[in-house]
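Subject: Two-chain model, for your files

Hi,

Here is the model I promised to send over. Please keep it open while you read the notes below.

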Amino acid sequence: MFKFNSLTFSVFAAKTTALALVMLVASPVNAKPLNIDVSEFSLDNGMKVVVIPDHRAPVVTHMVWYKVGAADEQSGKSGIAHFLEHLLFKGTKKIAPGEFSKIISRNGGQDNAFTHLDYTGYFQRISKDRLEMVMEMEADRMQNLVLTDKDIKTERDVIKEERRTRTDNKPAQLFSEQMSAAQYTAHPYGIPIIGWMSEMAKLDRQDAMKFYHKYYTPSNAILVVAGDVTADQVKALAQKHYGVLKNTAITKPRLRTMEPKPIAARRVIMRDKRVSSPYVMRQYLVPSYVTAKDNEALALDILTEILGSGTTSRMYKKLVIKEKIAVSTGSWYSGDNMDYGTFGFYAVPASGGDLNALEKQIDAIIADVLENGVTQQEIDRARKVLQAETVYLLDSQSSLARIFGRALVVGQSVDDVINWDDRLAAVTERDIKQAAAKVLQIRRSVTGFLMKPQAAKSAAKSAETK
Amino acid sequence: MKFFSLILTFIALLSTFSTSSRAIEIQKVTSDSGVTAWLVEDHSIPLVAMNFSFNGGAASDPADTTGLSQFLSGMLDEGAGDLTSAQFQAAINDNSIKMSFAASQHRFDGSLQTLTVNRDTAVSLLRKALLSPRFDAAPLERVRRQLLVSLENERENPRVISSRAWIKTMVGKDHPYARSKSGTMLGLKAITSKDLHARAKKLLTRQDLLVAVTGDIDAKSLKKVLDQVFGDLPAKSDIKPVVEAAVLDRAKTQIVDRDIPQSIIQFGLKGIKRKDKDFVTAYVLFNIFGSGQFGSRLMEEVREKRGLSYSAYATLYPLRRAGLILGSAATVNARVGETIKVIRDEFKRMADEGPTQAELDNAKAYLTGAYALRFDSNSKITSQLLAIRKAELGIDYIKNRNDLIRAVTLKEAKRVAKRLLHSDQLVFTIVGKPANVTATSN
């Protein structure tokens with residue numbers, strides 16, 4: 001089947017979110033243990049280190065994760081976390097402006113960075129004999145960033161173009177931004193990571209340096225190294241380059257404005273003439289892995305697999321195969337953020353189809369789960385699929401590095417990740433029914449329709465009456 | 001997005017240029033029925049990955065049913081042999097098998113990934129899919145509905161619009177490359193199960209079949225697998241060769257009006273094909289000029305100095321029947337004129353002066369050093385092997401590739417820059433509401 005929904009909706013990345021917290025030591029399908037020997041330790045200054053050996057190729061993935069993201073921005077400064085991420089590629093007292101990535105390239109490496117709601121990460125993929133070099137450079141820019149006003153001006157133009165490329169030119173992205181804004185009435189997850197254009201346009205050098213000094217310090221950072229290295233080698237190098245850094249700021253608990261009790265179902269209707277095929281989305285405010293109790297988050301991962309993953313899911317079978325009213329459907333549980341997760345559904349109608357009819361069908365699927373739960377057979381199947389996905393993951397050292405980094409940066413432990421597989425096996429029918437009843441309440445939800453403008457007739461009419 | 005993803009696929013192919021210092025040992029395995037596969041054995045993870053490629057693709061779709069090859073790629077896992085679509089999908093899902101197919105202009109590709117423990121099931125499903133697809137009415141109509149919506153989406157996507165308009169201008173509206181491999185509304189609506197059966201018979205043959213495998217399997221077992229999956233396919237195909245494109249060799253600027261805040265700028269000109277004697281030199285040159293990494297000329301001038309675009313690149317785009325050079329940037333409507341001027345000036349400057357010795361040295365260091373990154377997972381190795389086979393570069397290519405890069409001289413790089421970078425032949429396609437730009441008449 002065509003998975004073109006992943007083109008249109010890559011932002012959902014349902015699979016990725018399900019896998020966000022995945023790791024295993026034992027192969028789930030036949031019980032032959034896989035030798036992934038993850039080590040974890042801390043340096044004296046509080047910087048945490050995780051090492052994931054993979055000796056298949058003589059390369060390493062070196063990542064530094066900061067426990068700061070867009071949700072930590074001060075009000076009115078949206079986009080500063082991401083802007084600063086760009087600016088870290090400018091220069092330091094040692095490294096000339098714009099040289100950072102060029103040095104990495106010249107040494108046969110690749111580098112990049114990413115900013116999310118809860119974290120900011122920097123990474124290099126490079127030959128293992130250059131690990132020390134990249135550590136030295138990354139440690140240097142943790143404390144010695146130098147920014148000029150010219151850097152600020154051109155780079156601000158770049159992030160504005162980035163916003164236009166990623167968001168303003170894409171109705172689906174604008175819609176998703178509006179859905180989040182409606183979902184979070186008080187918590188900063190409702191503000192886009194890249195920022196609102198009006199606020200981005202005003203970010204200056206002072207904003208960037210203030211943010212940098214407040215959050216870029218060893219005790220607020222996590223080092224993840226995956227690849228052809230041993231824990232002892234990494235320990236010695238990390239001590240030498242990161243261990244000697246003094247903390248320049250005090251890391252405080254990350255307390256954000258929390259959501260008031262959700263009491264009102266919300267609807268977002270967006271019309272845009274650039275929309276080619278409309279769709280409906282429904283999402284609920286739910287706990288994340290960090291905030292969930294007992295088996296709740298695991299239950300939601302299994303539930304979304306049953307309801308909306310792939311062509312054998314309940315949604316696809318009902319809406320696409322049986323009723324023939326949708327061409328694409330899916331659900332997601334995004335549970336890897338610190339404070340909240342979302343559980344959601346989407347459906348794309350066949351040409352000319354009706355979004356209200358799709359919404360009714362989604363409601364019916366949800367009502368059925370709330371009333372009758374899911375079957376043990378469905379759970380077993382879903383678990384098998386999720387566990388097999390973890391084996392596929394082992395093929396990519398950079399994915400592994402990301403999974404551990406992302407878990408640790410929001411407060412999970414290496415053990416949480418490694419034991420995910422075992423814990424998944426403990427989820428019962430009752431867990432799933434309870435979790436569904438708790439989270440799939442309409443008062444926690446936002447329902448969105450992304451549509452073309454109403455028929456040109458009425459527009460023409462209003463023009464005539466002028 | 002289909003066309004654009006074709007471009008990205010091609011960029012991935014360029015990366016086959018890299019080499020690995022990891023001793024990648026490729027075994028050539030030939031089955032009893034004559035199917036050859038390149039195999040890299042690795043038993044550290046209980047997974048097997050197989051990529052394969054048949055001769056023929058969208059460029060040879062019949063004119064009244066364009067989109068047929070892509071339609072076929074969406075139908076092969078929708079029921080085969082004794083299994084209905086639902087049964088087939090359940091078998092794939094329950095055994096955690098990943099199976100996919102995709103049509104490009106000249107090839108029809110597939111990929112199979114499985115856990116070792118499910119290998120027999122995976123092989124038997126793939127055999128069914130290739131030999132006895134059913135094309136039942138219900139899944140056929142469903143996939144048709146999906147393709148129609150997908151096509152509607154492509155039509156409104158500014159990047160797809162710019163890619164399509166640009167390639168049409170470059171090769172002429174009648175060449176198969178100017179057609180979308182997603183087809184047309186009319187073509188998609190006309191396709192029947194009979195058409196799909198005929199297309200399957202034509203495309204899925206052993207002639208020029210290329211296979212690459214990595215992971216938890218040895219040569220002896222692979223030999224059997226090859227015969228099981230491919231052994232009973234027809235030996236010969238009669239795909240008609242695609243005609244050579246007459247590539248435009250003069251400047252042109254076209255504007256496609258769309259109400260979006262940021263204009264998409266696609267640009268390029270006539271280039272060279274993979275077999276051109278200057279290809280390796282040109283490849284190094286384009287790493288310097290338009291790799292899209294910090295330090296490359298376009299990135300420095302368009303983004304770093306002026307903040308005009310989030311990304312800016314230019315690359316060789318050697319299709320089998322047309323050698324092209326292709327690049328892209330995107331900027332707020334008000335700054336399109338300025339961006340185009342910068343791009344044009346950089347083409348001219350590179351043609352006039354060539355790269356510097358330092359730029360050449362850095363590019364070589366990057367290209368030869370980053371080789372190993374292309375081979376650090378089994379799935380990447382599988383793609384690399386297949387790409388090398390498609391480009392007919394030979395089984396020793398991985399060993400020799402870095403020497404080819406190192407051999408490029410500054411003098412040669414300058415000569416090739418002059419040969420290729422004709423700033424007065426640049427064709428720009430702009431989608432948006434650009435300011436300070438006029439379309440060329442004609």
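Strand β11 (residues 427-432) of chain B is largely enclosed by the rest of the structure, because six of its six residues are buried. Buried means that 20 or more other C-beta atoms lie within 10 Å of a residue's own; exposed means 12 or fewer, and partly exposed is in between, with C-beta atoms placed from the backbone. Strands here are DSSP runs of E with at least two residues, helices are runs of H or I with at least four, and both are numbered from the N terminus.

This is a predicted model: local features need pLDDT of at least 70, side-chain atom pairs count only at pLDDT 80 or more, and totals for chains, interfaces and linings use all residues. Residues are numbered from 1 along each chain as its sequence is written, while chains are lettered from A and ligands numbered from 1 in the order in which they are written.

Back to the strand. In a regular strand the side chains alternate between the two faces of the sheet. B:Val427, B:Thr429 and B:Val431 point one way from β11(B). B:Phe428, B:Ile430 and B:Gly432 point the other way, and all are buried.

Which strands pair with β11(B)? Strand β7 (residues 252-257) of chain B runs parallel to β11(B), joined by six bridges. There, B:Gln254 has B:Thr429 as its bridge partner. Strand β8 (residues 262-270) of chain B runs antiparallel to β11(B), with five bridges. B:Ile265 stands opposite B:Ile430. Pairing needs at least two DSSP bridges between the strands.

Next, a helix in chain B. Helix α4 (residues 119-131) has 13 residues. From first C-alpha to last it reaches 18 Å, close to the 18 Å expected at 1.5 Å a residue. That expected span is 1.5 Å times one less than the number of residues. The buried residues of α4(B) include B:Ala122, B:Val123, B:Leu125, B:Leu126, B:Ala129 and B:Leu130. The buried residues pack against β3 (47-55), α3 (85-94), β4 (98-103), β5 (107-115) and α9 (219-230) of chain B.

Now the domains of chain B. Their bounds come from an automatic or database domain assignment. Domain 1 covers 31-230, and domain 2 covers 252-372 + 394-432. The C-alpha centres of the two lie 32 Å apart. In the contact, 14 residues of domain 1 meet 16 residues of domain 2. Contact means that the C-beta atoms of two residues, placed from the backbone, lie within 7 Å. On the domain 1 side, helix α6 (residues 158-171) of chain B gives the most, with ten residues. That side divides into eight nonpolar, five polar and one charged. Nonpolar covers Ala, Val, Leu, Ile, Met, Phe, Trp, Tyr, Cys and Pro; charged covers Asp, Glu, Lys and Arg; the others, Gly among them, are polar.

Chain A also has two domains, 44-243 and 266-458. The contact takes 26 residues from domain 1 and 27 residues from domain 2. α7(A) gives the most to the domain 1 side, with seven residues. The residues of that side are 15 nonpolar, six polar and five charged.

As a whole, chain A has 19 helices and eleven strands. Its radius of gyration (over C-alpha atoms) is 23 Å, which agrees with the value near 23 Å for a compact globule of 466 residues. The globule rule is 2.2 Å times the number of residues to the power 0.38. Along its principal axes the C-alpha trace of chain A spans about 70 × 65 × 40 Å. Of the 466 residues of chain A, 52% count as buried.

How do the chains meet? The contact takes 57 residues from chain A and 59 residues from chain B. Elements that give two or more residues to the chain A side include α1 (5-8), α4 (100-106), α6 (149-168) and α14 (376-393) of chain A. α6(A) gives the most, with nine residues. The chain A side divides into 20 nonpolar, 23 polar and 14 charged.

One last residue. A:Ser399 sits in helix α15 (residues 397-409) of chain A. A:Ser399 is partly exposed, with 18 other C-beta atoms within 10 Å.

Best wishes
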